[in-house]
Amino acid sequence: MSTVTTRRTATGNGAPLPVSLKQARLPRWTPPVLALVAVGAGCGIGLAAGLDSTIQWGLIAALLFIAGSFVLSAAVEGTRQAKDRLATSLVWVAFLLAVVPLASLLWETVARGSKVLDGYFLSHSMGTLPDAMPGGGIYHAIIGTLEQVGLATLIAAPVGLLTAIYLVEYGRGRLARAVTFFVDVMTGIPSIVAGLFILSVWILILGFGPSGFAGSMALAILMMPVVVRSTEEMLKLVPNELREASLALGVPKWRTILKVVLPTSIGGITTGVMLAIARITGETAPVLLLVWGAKTINNNPFEDAQQSLPLYVFQQWQQGSEASYDRAWAAALVLIAFVMILNLVARGIARWKAPKHAGR
């Protein structure tokens with residue numbers, strides 16, 4: 001327990017003046033030790049009370065840690081510092097409550113998905129194999145996912161980019177406000193609604209059949225508002241001085257946007273597009289309505305039913321056999337790895353294209 005020595009001096013009229021204050025502080029090792037004690041006490045209380053769920057044990061330990069931090073700090077450091085430690089404890093507990101389910105999910109997926117995940121599983125389709133039999137793979141689902149997500153990106157990325165450019169560089173008046181409003185509305189649209197819209201227009205009214213392209217259009221609807229919002233924020237970060245300098249040289253506005261604004265913000269724009277791709281990769285509802293799924297390889301996304309990874313996971317789990325469960329977990333692991341790779345690529349691009357500051 002560290003202290004600060006107190007000295008008192010005399011002022012001009014002889015009154016004592018405090019120069020420094022005495023402040024008691026808890027040692028740095030107090031929070032981790034208190035956390036271990038809280039975990040032990042939580043487990044003990046859970047066993048004594050006959051609680052079978054480890055989640056209940058963890059919640060009891062979290063409450064004990066928060067209460068113990070506040071009481072101990074109030075007794076030693078004072079009420080003000082105790083309130084600070086209370087807020088810090090709440091933040092740490094909230095962080096653990098968010099991380100533990102994620103870690104548990106990853107652990108369960110890796111443990112159960114690695115049973116059948118090998119080269120054969122990645123390079124073969126289901127073909128004519130019954131779902132209840134072991135074997136088969138997800139090659140046809142990987143092909144379908146790559147084609148559907150790629151087509152959705154080709155549709156949504158240019159439209160979203162041009163919309164964001166209009167809102168930031170040209171948008172004024174009622175039209176701009178209307179576009180902003182509808183972008184906000186589209187951000188909260190459930191994926192099933194986008195699938196029903198394409199189903200009613202593309203399949204029921206126009207008479208086209210299920211295909212990977214139909215699913216791509218629904219995915220593009222979900223992707224557009226994410227691209228618009230992320231691109232809009234990146235364009236707003238470009239200093240106006242760069243635009244004014246270019247315009248002062250007589251460069252047209254469209255060329256200023258093309259040669260100055262977009263290259264300056266290209267890192268953030270690319271990151272936003274990658275995150276939007278990761279957001280639509282795991283969508284199942286529109287694919288279920290529009291793509292239908294297929295057990296064989298279909299390399300043509302514009303004709304006949306096609307498979308995708310999230311739909312494959314849903315259909316295999318629906319079969320209810322041990323072999324189909326293993327394939328579902330393995331496909332889920334591949335899907336998670338694909339989304340994680342996209343996020344890592346987005347972070348890498350953002351760091352690569354980040355502005356370089358002097359002296360770094």
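This is a predicted model: local features need pLDDT of at least 70, side-chain atom pairs count only at pLDDT 80 or more; totals for chains, interfaces and linings use all residues.

Mentor: The lining of the largest cavity has five nonpolar, four polar and one charged residues.

Here is the setting. Rolling a probe the size of a water molecule over the atoms shows where empty space is left. Across the whole structure, the search finds one cavity of 30 Å³ or more. The largest cavity holds about 40 Å³ of space.

Now the names. Thr145, Gln148 and Val149 line the largest cavity, along with Leu219, Ile280, Thr281, Glu283, Val287, Ser308 and Pro310. Two elements give two or more residues to this lining: helix H5 (139-170) and helix H10 (253-281). H5 supplies the largest share, three residues.

H10 packs against helix H9 (residues 240-248). Two packed helices are described by the angle between their axes and the distance between the axes. For H9 and H10, the angle is about 145° and the axes are 10 Å apart. Their crossing is right-handed. On the H9 side, Leu242, Arg243, Ser246 and Leu247 make the contact. On the H10 side, the contact residues are Lys253, Thr256, Val260, Val261 and Thr264. Sorted by class, the contact of H9 with H10 has four nonpolar, three polar and two charged residues.

About 710 Å³ lies in the largest pocket. Its lining counts 29 residues, and those nearest the centre of the pocket are Gly58, Ala62, Phe65, Val93 and Leu96. Helix H1 (30-48), helix H2 (54-76) and helix H3 (79-113) each give two or more residues to the lining of this pocket.

Aromatic rings come next. The model has seven aromatic pairs. One of them joins Trp202 and Phe213 in an edge-to-face arrangement, with 5.6 Å centre to centre and 65° between the planes. Trp202 sits in helix H7 (residues 191-205) and Phe213 in helix H8 (residues 212-236), so the pair ties together parts that are eleven residues apart in sequence.

Last, check the backbone in one loop. Trp292 lies between helix H11 (285-290) and helix H12 (309-319). Phi of Trp292 is near 75°, a positive value in a residue other than glycine. Asp304 lies in the loop between H11 and H12 as well. Asp304 is not a glycine either, yet its phi is positive, at about 65°.

To return to your part: the cavity lining includes Val287 and Ser308, and its largest share comes from H5.

Notes
Residues are numbered from 1 along each chain as its sequence is written. Side-chain values use heavy atoms; hydrogens and water are left out. On a 1 Å grid over the protein atoms alone, a cavity is a set of points where a 1.4 Å probe fits but cannot get out, and a pocket is an open set with protein on both sides within 12 Å along at least five of seven lines; lining residues have an atom within 4 Å of a point. Grid points are joined across faces, edges and corners, and a volume is the space filled by probe spheres set on the points. Helices (H or I, at least four residues) and strands (E, at least two) are DSSP runs, numbered from the N terminus. Ala, Val, Leu, Ile, Met, Phe, Trp, Tyr, Cys and Pro count as nonpolar, Asp, Glu, Lys and Arg as charged, and the others, Gly among them, as polar. Axes are lines fitted to C-alpha atoms, for helices over the stretch in contact, and angles run from 0 to 180 degrees between N-to-C directions. A crossing is left-handed if the near helix is turned anticlockwise from the far one by less than a right angle, and right-handed if clockwise. Contact means heavy atoms within 4.5 Å. Rings of Phe, Tyr and Trp (its six-membered ring) pair if their centres lie within 6.5 Å; planes under 30 degrees apart count as stacked, over 60 as edge-to-face and the rest as tilted.
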